[in-house]
Amino acid sequence: MKRYPILDEVLEGLMSRYRQRVPDVTGILEAMQAEGAIGSFDDIENDHIAFRTMGVPQLGVKSFEKIFIHLGYTRRDFYSFEGKKLNAWWYSPPTDKHPRIFVSELRVEDLSTNAREIIRSYTDEVKSDPVDALNLDQAADIDAFLHKPLWRTPTLSDYKVLLAESEYAAWVIYNRYYLNHFTISVHNLPERFNTIVRFNEFLERHGFKINDAGGKIKESPDGGLIQSSTVAQTIQAQFAGGEAYPISGSYVEFAERRVLPQFASLPASEIRREHRRDGFETGNADKIFESTYTSQTKR
Ligand code: OOG
Ligand code: NI
């Protein structure tokens, strides 16, 4: 099988920062290990990872996607979130061993003049598409780019103005391209854990807080994609002038992908990723975004 060493290194770099920022990741993996759901952390199947961006001409998904398309991903479906003023696309990976990617962007043009001008005052510091200046054959260059500030450190007052109008905008102005979540596939786990209903029970037994926006279980109308997520963990942000303030960081998601009706008679041992419900679902995603919203984190 073809190898993807640059992609693997970039993914590892993302996951290592994410594990540091989100103690729930290790907490959940340790609880899974303790209960025999997995032998080692390597047994986890990462269903997908997600990023957020500001939709301005020189940034946004059009810029961000170039990285992962270069590394072997393919752009798939588009999703629109009217109320939240977001666009999103998903990307299928080069192999079954790699996670899907979900990337969203804020429709900055649709915000109030005030919020738009605050965002532009930061994003205008990026004069041209920064991905065009990267060497995409160098994992270290990509890794540094994904974890460096794209614009100056925001002020707490700008953060609060954005938070009042768009929680997504506030999240991105501080967190930028930090991994928003990774997603544990539950359908290949031992039977006691292999549905979202059972996995949520396990999480709650261990004290993890589940996003309940629209209910704790998000199910696609076709019944094939069932998701849940933790509530984002708080990070102590350092705003301009050294002001510290607690804000939402990242969270963990869980996905159950059911076998498609046309493959229902396949023996379990033959079921691969391609036999299960693929892609995403607008109604599910709309509520999962709220994992970082204060309506969940302050609950
Ligand atoms: C992404 C929310 C949507 C999914 O799997 O549908 C999502 C985000 O919070 O940025 O992850
Ligand atoms: Ni997700």
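**The sheet and the ligand shell**

Guide: Eight strands form an open sheet of mixed pairing, in the order β2-β3-β4-β1-β5-β10-β7-β6. Its edge strands are β2 (74-81) and β6 (218-219), each of which pairs on one side only. This is a predicted model, in which local features need pLDDT of at least 70, side-chain atom pairs count only at pLDDT 80 or more, and totals for chains, interfaces and linings use all residues. Residues are numbered from 1 along each chain as its sequence is written, while chains are lettered from A and ligands numbered from 1 in the order in which they are written.

Visitor: What makes β6 and β7 a pair?

Guide: Two strands pair if DSSP finds at least two bridges between them. β6 and β7 (residues 225-229) have two bridges, in the antiparallel sense, so they meet that condition. Within β7, Q227 is the bridge partner of K218.

Visitor: Which residues come nearest to ligand 1?

Guide: They are A50, N180, A285, I288 and F289, of the 13 around ligand 1; a residue is near if its C-beta atom, placed from the backbone, lies within 6 Å. β1, β4 and α9 (282-288) each give two or more residues to this shell, and α9 has the largest share, three residues.

How values were computed:
Helices (H or I, at least four residues) and strands (E, at least two) are DSSP runs, numbered from the N terminus.
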